[in-house]
Amino acid sequence: MAALVVAGLLVGGAGALVQGAWFPGGLLLALLGIGALCYGGVRLTGTRTGGVAPAGGWLLAVLALTTSRPEGDFLFASGFGSYTFLLGGMALAVICATIPRLPLTAEPPARLGD
C-alpha cells in the first residue's frame, strides 16, 4: 500500500505540472493518470483500499501544491483547467474507490433446481 501512496504523490505532482503546461491535452493526461492509477490499484490488490491509497497520496500532493507561499507564488492558477484537474481528480478517485467488486471467476452463477 505504501508504494501506491508514493505513486499517488508522484502522479499528483506530475499532473499539477502537466495540466497547466499543455492545455487541454495535459489536463486529459493528468486525469487519465490518476484514474488509471486508482483503477490499477483496485485491480492489483483486489480491494477498494487499493484505489483509496493512491487517491490519498494524490490528494496530499495536490493540497501541498495548492497552498500559497510567503512570496505570494502558487502553482495552480484560478482557471478552468486547474479546477477541472482538482474536481475531476477527486471524482475519479471516489469512483475508483467505490467500484463494486467484480467476480474473480468467469463461470456463470450456479442455479438452484438443476
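Predicted model: local features only at pLDDT ≥ 70, side-chain atom pairs only at ≥ 80, totals over all residues.

**Helix packing and cysteines**

The buried positions of H1 are Leu 4, Gly 8, Gly 12, Gly 13, Gly 15, Ala 16, Val 18 and Gln 19. Helix H1 itself covers residues 2-21, and its 20 residues should span 28 Å at 1.5 Å a residue; the end C-alpha atoms of H1 lie 29 Å apart, in agreement with that expectation.

Two packed helices are described by the angle between their axes and the distance between the axes. For H1 and H2, the axes come within 8 Å and cross at roughly 170°. Angles over 145 degrees count as roughly antiparallel, and H1 and H2 are therefore roughly antiparallel to each other. On the H1 side, the contact is made by Leu 4, Ala 7, Gly 8, Val 11, Gly 15, Val 18 and Gln 19. H2 contributes Gly 26, Leu 27, Leu 29, Ala 30, Gly 33, Ile 34, Leu 37, Gly 41 and Thr 45. By class, this contact of H1 with H2 comprises nine nonpolar and seven polar residues, with no charged residues.

The cysteines remain to be considered. How many disulfides does a search of the whole structure find? The search finds zero. Cys 38 is in no disulfide, and its nearest cysteine sulfur, that of Cys 96, is 5.1 Å away. A disulfide would require the two sulfur atoms to be within 2.5 Å. Cys 38 counts as buried, at 0% relative accessibility. Cys 96, likewise in no disulfide, is buried with a relative accessible area of 7%.

Definitions and conventions: Residues numbered from 1 in each chain as written. Heavy atoms only, no water. Buried < 20%, exposed > 50% of the residue type's maximum accessible area, 1.4 Å probe, protein only. Helix = DSSP H or I, 4+ residues; strand = E, 2+ residues; numbered from the N terminus. Expected span 1.5 Å × (residues − 1). Axes fitted to C-alpha atoms, helices over the stretch in contact; angles between N-to-C directions. Parallel < 35°, antiparallel > 145°, perpendicular 65-115°, else oblique. Contact = heavy atoms within 4.5 Å. Nonpolar A, V, L, I, M, F, W, Y, C, P; charged D, E, K, R; others polar.
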